[in-house]
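Dear colleague,

I am passing on the structure below, and my notes on it follow. Please read them alongside the coordinates.

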Amino acid sequence: MSEALQSLLDLLDLERIEEDIYRGRSRSAVVPRVFGGQVAAQAMVAAGRTVPADRHAHSLHAYFLRPGDPGAPIVYNVDRLRDGRSFTTRRVVAVQHGKPVFTLSASFQTYEEGLDHQAPMPSAPDPAALPTGEERLRSYPHLPAETVERFLQARAAVDLRYVDDPPFGDFGTPREPHSQVWFRTNGKLADDPLLHVVLATYVSDMTLLDSVLLAHGRGGWAVGDVVGASLDHAMWFHRPFRADEWLLYDQQSPSASGGRGLGQARIHTQDGRLAVSVVQEGVVRVPREH
């Protein structure tokens, strides 16, 4: 396991301070606030620790309410909304400086047989044939060295490989609002299913709004031609998967309007199983010229 991955796992390992109350810490991100994937992943850890081990996460729905302060701890309060025969529901409120910064509802289910079908996996090149994240980032001379290093540090725990140029790599001309990345953790994980859900939740917030930027030829936060933040995030976990094995994150944007952009995506395992569906809306604004 890489040192960066162990550091991330330590970050996600919350401190229990009271019954159904947990405390997490933060670290710096590419932008000067808590990374949304971090708070969502930590909230899933908090929810999962109050759920029987035989019930696995099947969905989450979250709202980002305020920018998180990376210099302060985050307290996660868990409400046990329901414990049914098949489903368990939890609500988590993340608090900083006495105010909620994030809310999450998550549902867990015992395993059962049922109807089974899925959308086919889209075509994509083998991840081994693609440049690594570091190789691709260092190939763009227009990116400041400081920006490259911040990206590499923020993503060091994950091997994330773009199929095509990301928005910050090739911008100025609108492209199809469709983006693909392969990802896996930089090291093996334990067999705990919740851990793999938590790591996929963490990574899911890294690139989902890229397709919004592509549609308008914008480079994004790395080059400063848009400002924005995540507003809400939803995930449905359809089938078991491992976050330490290659996953294809196929993303597209059906709409942008009113200063907001919508991204929707599917995550497939390398052998073609549809593992996760994801939808996110975010603020995407063009800075005003003075």
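What covers the buried residues of helix 4? The cover includes helix 3 (133-137), where contact means heavy atoms within 4.5 Å, and helices (H or I, at least four residues) and strands (E, at least two) are DSSP runs numbered from the N terminus.

This is a predicted model, in which local features need pLDDT of at least 70 and side-chain atom pairs count only at pLDDT 80 or more, while totals for chains, interfaces and linings use all residues. Residues are numbered from 1 along each chain as its sequence is written, and side-chain values use heavy atoms, with hydrogens and water left out.

Within helix 4 (residues 145-154), the buried residues are Thr 147, Val 148, Phe 151 and Leu 152; buried means under 20% relative accessible area, exposed over 50%, and partly exposed in between (1.4 Å probe, protein chains only). Seen down the helix axis, these buried residues fall within an arc of 130 degrees (taken from the directions from the axis to the C-beta atoms), so they line one face of helix 4. The face turned away from that buried side carries the exposed residues Ala 145, Glu 146 and Gln 153.

His 196 lies in helix 5 (residues 193-207) and, at 2% relative accessibility, counts as buried. A polar atom of the His 196 side chain lies 2.8 Å from the backbone nitrogen of Ala 243. Beyond its neighbours within four places in sequence, His 196 is in contact with residues including Leu 189, Phe 241 and Asp 244.

Best regards

Technical notes:
A polar contact is a pair of N or O atoms within 3.5 Å; within protein, one must be able to donate a hydrogen and the other to accept it, and residues adjacent in sequence count only if both atoms are side-chain atoms.
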